[in-house]
Amino acid sequence: MTTDLAQFAKDTGVKYFMISFTDLFGGQRAKLVPAPAIAGMQAEGAGFAGFATWLDMTPAHPDMLAVPDPASVIQLPWKPEVAWVAANCVMEGESVAQAPRNTLIRQVEAAAAQGLHVKTGVEAEFFLLTADGSRISDPADTAEKPCYDQGAIMRRYDVIAEIGDYMLALGWGPYQADHEDANGQFEMNWDFDNALATADKHSFFKFMVKSVAEKHGLRATFMPKPMPELTGNGCHTHISVWDAEGTNVFAGQGDGPTGEVGLSEAGRHFLGGLMHHARALTALTNPTVNSYKRLNAPTTTSGATWAPNAVTWTGNNRTHMVRVPGPGRFELRLPDGAANPYLLQAAIIAAGLSGLATRADPGPRHDIDMYAEGHTLTDTPKLPLNLLDALRAFDADTTLKTALGPDFASAFLKLKRAEWDAYVSHFSRWEKEHTLDV
């Protein structure tokens, strides 16, 4: 039954709704709508100028309407008179094909047409910095091995506990929070869910963490590599696929190396799709210039980057791109904190469905320490070294582009190439320091 947002406002005391959509660069855009006007907005949508956001549009395009999905509505725990609701973008009665949430919905529907439901969970890492973003916020957080530091997490208890309390109140099922491997870095985990619900929660989580941090005079960042010497922000994603009866189709005793770690034949082929499309996937899972400073980083002060640099999979081993920690699911360790919550899920589903369709083979399982012995694998594909390489790999992957939609692929590539051009045309301090006297 569809939630009536006007009635929701009456029942909860909500005075305003944030009708929100996410653009191609992961920017969260919203209009604040008074509760008395929400019925009309629920029916018709809130009007936006698409060109004013990171979508491939011009000022001549007609209004883009963001139609709220009432199933996603969340009352802000820290400001209960406001509710957030994710929206689907529509123009002249047609779904905007390039819009990220619409792109994900198409993939969810493609899986459902095969009787499959992709369920995922994300591990969204973030740093808590000073308000100006120049350094980590806790001057006492200086340990060489800061991961799980109980003193450091308790010094930020007010922020972490407040976010945890809100997730509990929202019914997300949060089950742990910890200080991560970098000084000033944290991670909070909640229960896995259907891919669209996870994407909505992921989007709201980023908004919530930043809002709570600001409330405490801090700045939260999901930037992939905010500090050059420290471990970057990953967004490891756990994946399983279920049928209409609620059975995990990844669980089972398949043949070969995947069967030995508890993946069925379906799990094997879905994994094969991710491996086959991995280089193209990085354009979506690692979508910024800064992303490749995490993927191809030198050893950090803690002793490891915790990020992959080659297309490999393994059992319960955190040095590879994909880890199978137990039967019936696997963890993609490729994505970073800049990943668009909707495009991340869409890319995973598209690649996985491709693998199922072609019965893709994920290749050999490698159980070595990739950080110490990765150089011994001479025939293993490497991940792109920079955003341009990733965009080229995505552009060359016609299967993945077709699955995600030509309108989306064209818009994404156009805007991201322009971003790369802007980056390379920027003259840096490093260039002057190293070439002024050549």
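Predicted model: local features only at pLDDT ≥ 70, side-chain atom pairs only at ≥ 80, totals over all residues.

Visitor: In which hand does α5 pass α6?

Guide: The crossing of α5 over α6 is right-handed.

Visitor: Which residues of α5 meet α6, and what classes does the contact hold?

Guide: From α5 come V159, E162, I163, Y166, M167 and L170, and they meet F204, F205, M208, V209, V212 and K215 of α6. Sorted by class, the contact of α5 with α6 has ten nonpolar residues, two charged and no polar ones.

Visitor: How do α13 and α15 lie to each other?

Guide: The angle is again the place to begin. Helix α13 (residues 387–396) packs on helix α15 (residues 406–424) at about 160°, and their axes are 10 Å apart. Angles over 145 degrees count as roughly antiparallel. α13 and α15 are therefore roughly antiparallel to each other. The crossing of this pair is left-handed.

Visitor: Which residues make the contact between α13 and α15?

Guide: On the α13 side they are L387, L388, L391, F394 and D395. The α15 side gives F408, A409, F412, L413, K416, R417, E419 and W420. The contact of α13 with α15 counts nine nonpolar, four charged and no polar residues.

Visitor: At what angle do α8 and α11 pack, and how far apart are their axes?

Guide: Helix α8 (residues 265–276) and helix α11 (residues 341–358) pack at about 120°, with the axes 6 Å apart. α8 and α11 are therefore oblique to each other, and α8 passes α11 in a right-handed crossing. In contact are A266, H269, F270, G273 and L274 of α8 with I348, I349, A351, G352, L353, G355 and L356 of α11. That contact has eight nonpolar, four polar and no charged residues.

Visitor: Now the cavities. How many of 30 Å³ or more does the structure hold?

Guide: For a cavity, look at the count, the volume and then the lining. The structure holds one cavity of 30 Å³ or more, and the largest cavity has about 40 Å³ of space.

Visitor: Which residues line the largest cavity?

Guide: The lining consists of F21, T22, A87, N88, C89, A99, P100, R101 and N102. Two or more of the lining residues come from each of β1 (16–22), β6 (82–91) and α3 (100–112). By class, this lining divides into five nonpolar, three polar and one charged residue.

Notes
Residues numbered from 1 in each chain as written. Heavy atoms only, no water. Axes fitted to C-alpha atoms, helices over the stretch in contact; angles between N-to-C directions. Helix = DSSP H or I, 4+ residues; strand = E, 2+ residues; numbered from the N terminus. Parallel < 35°, antiparallel > 145°, perpendicular 65-115°, else oblique. Left-handed = near helix turned anticlockwise from the far one by under 90°. Contact = heavy atoms within 4.5 Å. Nonpolar A, V, L, I, M, F, W, Y, C, P; charged D, E, K, R; others polar. 1 Å grid on protein atoms, 1.4 Å probe; cavity = no way out; pocket = protein on both sides within 12 Å on 5 of 7 lines; lining within 4 Å. Points joined across faces, edges and corners; volume = space filled by probe spheres on them.
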